[in-house]
Amino acid sequence: MCTTVVVGKKASRTGSTLIARNCDSEEPIQPVRFITVAEDAHVSGTYKSNMTKFTEKYPNKSLKYTMVPFLDESKLGIFGEAGINSKNVAMSSTESIFSNTDVLAIDPLTPAGLGEDSLLNMVLPYIESARDGVTYLGQLIKEHGSHEGNGVIFSDKDEVWYMEIPCGHHWVAQRVPDDCCAVIANQSIIEEINFNDPENFMYSEGIREFVDEYQLNPDYEGFNFRHIFGTSTKEDRQYNTARVWYGQNYLGHKVEDPRSSDMPFVFKPNRLLTVEDVAAVLSSHFDETIYDPFNPESDVDRNVFRPISMNRTAESHILEIRNNVPEEIAAIIWLNSAPTAFNPYVPFFANSLDTPKSYRDTTDSYDIKQAYWMYRTLAVLVERDYNKLSSVNFDYLTAAKTLAKHLVLETDKAVKDGNIKNIEEFLTEQNNKNIDQMNELAMTHIGELVKKGLGLSKLTFDITKDV
């Protein structure tokens, strides 16, 4: 149950495309690792899902790519979740969505269909553009069906595409306008489909005939995918709509009612957006509203809606494809080990040979030297006394954001200055150096939290004051 934010290149300050998502798992502890998969790693044999009955032969070629899979693949499946391939194509999968009972009664989800556990590793290594991603995945859905309702996001340096697969075999995809952005939260959100605009819309074969044959369209005219295939229930208005409401307001589209079912899919923000803007939405818990779980005023209001940042976020990512730098360094993965409210987004240049050990070699056993466990330690220490430690955490996050931006700028400068023989080796080395600095900053903050936290203990006795 995730939250997604996407930004077109003319809506971002640097001309980058941005696709981002909180990967929320079922439990507070769901270890993940961040890895690079080599070129042609999957080019023979047949892939079999550990979670569903889905099987598919591997193509003859595969691109190098990154992903952030769950640790226990043997039980859960791969769940690659997010990555960028060597063609600078980004993919995030998935935003869980749900279809209404009218649709599912006719086109049910398929037990042997493609599901979230397999999506990234069965698509990202084989596509060369965001548009290509939609076409490739659409063909897989045509052949195998879908195991569940999913929203999938693709981007390259020019385009962002959002694809919704709410039922067994039908889907639509819309190109996000360059000057627009979107916030998505576990509902079908795509609205009117223009079947005469192939540059901006794609869809499954026979979808109009399917809707007409079974009289699924509730509207007098038009083809509003959200109305036809989606849901609008009291559960949506408690669990989903408020997250979109908060994100749209933060990014500059005024919405009054957090329970509204009519918020637009795409909208033009009131300013040019940055990675930091996207991170602020994905790190939020209805900050500065009565619905904030840390709101001390009202037990009722602060528990009304499900927040964006959660304790069970396995990881969060912002995938940035830049247009103002050489293509070898255009792709950056901003990774937050979560919970996002207390932790920073750490930059990794995607075109490297490997990922840093502290992110790659996650284990089930607690080890504070591993990023996954280090950042969870940090979060537990902050939240325990949030009202007294939030300012200390704010100072740390400010320092972390500043350092992350500086590290990216320094790497960019080194590449632009030239004299680098092997860019992949250089970026691998830079990622390691950068992460060492980010980890050191986090550990310093953890030490500060421990010291301040002990001073807040209830097991305190001062004989000069308490007697």
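# Burial, pockets and local geometry

Me: Of the 467 residues of the protein, what percentage count as buried?

Reply: This is a predicted model, in which local features need pLDDT of at least 70 and side-chain atom pairs count only at pLDDT 80 or more, while totals for chains, interfaces and linings use all residues. Residues are numbered from 1 along each chain as its sequence is written, and side-chain values use heavy atoms, with hydrogens and water left out. Buried means under 20% relative accessible area, exposed over 50% and partly exposed in between, with a 1.4 Å probe and protein chains only. Of the 467 residues of the protein, the share that counts as buried is 58%.

Me: How many helices and strands are there in the protein?

Reply: The C-alpha trace of the protein spans about 85 × 60 × 45 Å along its principal axes. Helices (H or I, at least four residues) and strands (E, at least two) are DSSP runs numbered from the N terminus, and the protein has 14 helices and 17 strands.

Me: Which element gives the most to the lining of the largest pocket?

Reply: A pocket is an open set of points on a 1 Å grid with protein on both sides within 12 Å along at least five of seven lines, a cavity is a set where a 1.4 Å probe fits but cannot get out, and lining residues have an atom within 4 Å of a point. The largest pocket has a volume of about 1,100 Å³, and of its 43 lining residues Glu276, Asp277, Ala279, Ala280 and Lys401 are the closest to the centre. Helix H8 (241–250), helix H9 (275–282), strand E16 (331–336) and helix H12 (386–417) each supply at least two lining residues. With 13 residues, the element that gives the most is H12.

Me: What is the make-up by class of the lining of the second largest pocket?

Reply: The second largest pocket holds about 470 Å³ of space, and of the 22 residues that line it, Glu26, Phe79, Ser96, Glu116 and Glu148 lie nearest its centre. Ala, Val, Leu, Ile, Met, Phe, Trp, Tyr, Cys and Pro count as nonpolar, Asp, Glu, Lys and Arg as charged, and the others, Gly among them, as polar. On that basis the lining of the largest pocket has 20 nonpolar, 12 polar and 11 charged residues, whereas the lining of the second largest pocket has 11 nonpolar, 6 polar and 5 charged residues.

Me: What is the volume of the largest cavity?

Reply: A search of the whole structure finds 1 cavity of 30 Å³ or more. The largest cavity is lined by 14 residues, with Val32, Leu335, Ser337, Tyr359 and Tyr372 nearest its centre, and strand E15 (313–321), E16, helix H10 (357–360) and helix H11 (371–384) each supply at least two residues of that lining. A volume is the space filled by probe spheres set on grid points joined across faces, edges and corners, and for the largest cavity it is about 70 Å³.

Me: Which elements are among those that cover the buried residues of H9?

Reply: In H9, 6 of the 8 residues are buried, so this helix is largely enclosed by the rest of the structure. The buried residues of H9 are Val275, Asp277, Val278, Ala279, Val281 and Leu282. What covers them includes strand E1 (3–7), strand E2 (17–24), H8, E15 and E16.

Me: With which residues is Arg322 in contact, leaving aside its neighbours within four places in sequence?

Reply: Arg322 sits in the loop between E15 and E16, and at 8% relative accessibility Arg322 counts as buried. Contact means heavy atoms within 4.5 Å. Leaving aside neighbours within four places in sequence, Arg322 is in contact with Ser16, Lys157, Ile329, Ala330, Ile332, Phe349, Val408 and Asp412.

Me: What is the phi of Ala338?

Reply: Ala338 is placed in the loop between E16 and strand E17 (346–349), where its 0% relative accessibility counts as buried. The peptide bond from Ala338 to Pro339 is cis, with omega near -5°. Although Ala338 is not a glycine, its phi is positive, at about 75°.

Me: Where is Asn88 placed?

Reply: Asn88 is not a glycine, yet it has a positive phi of about 60°, and at 14% relative accessibility Asn88 counts as buried. Asn88 is placed in the loop between strand E7 (82–84) and E8.

Me: What is the omega of the cis peptide bond that joins Ser93 and Thr94?

Reply: Thr94 lies in strand E8, which covers residues 90–96. The peptide bond that joins Ser93 and Thr94 is cis, and its omega is about 10°.
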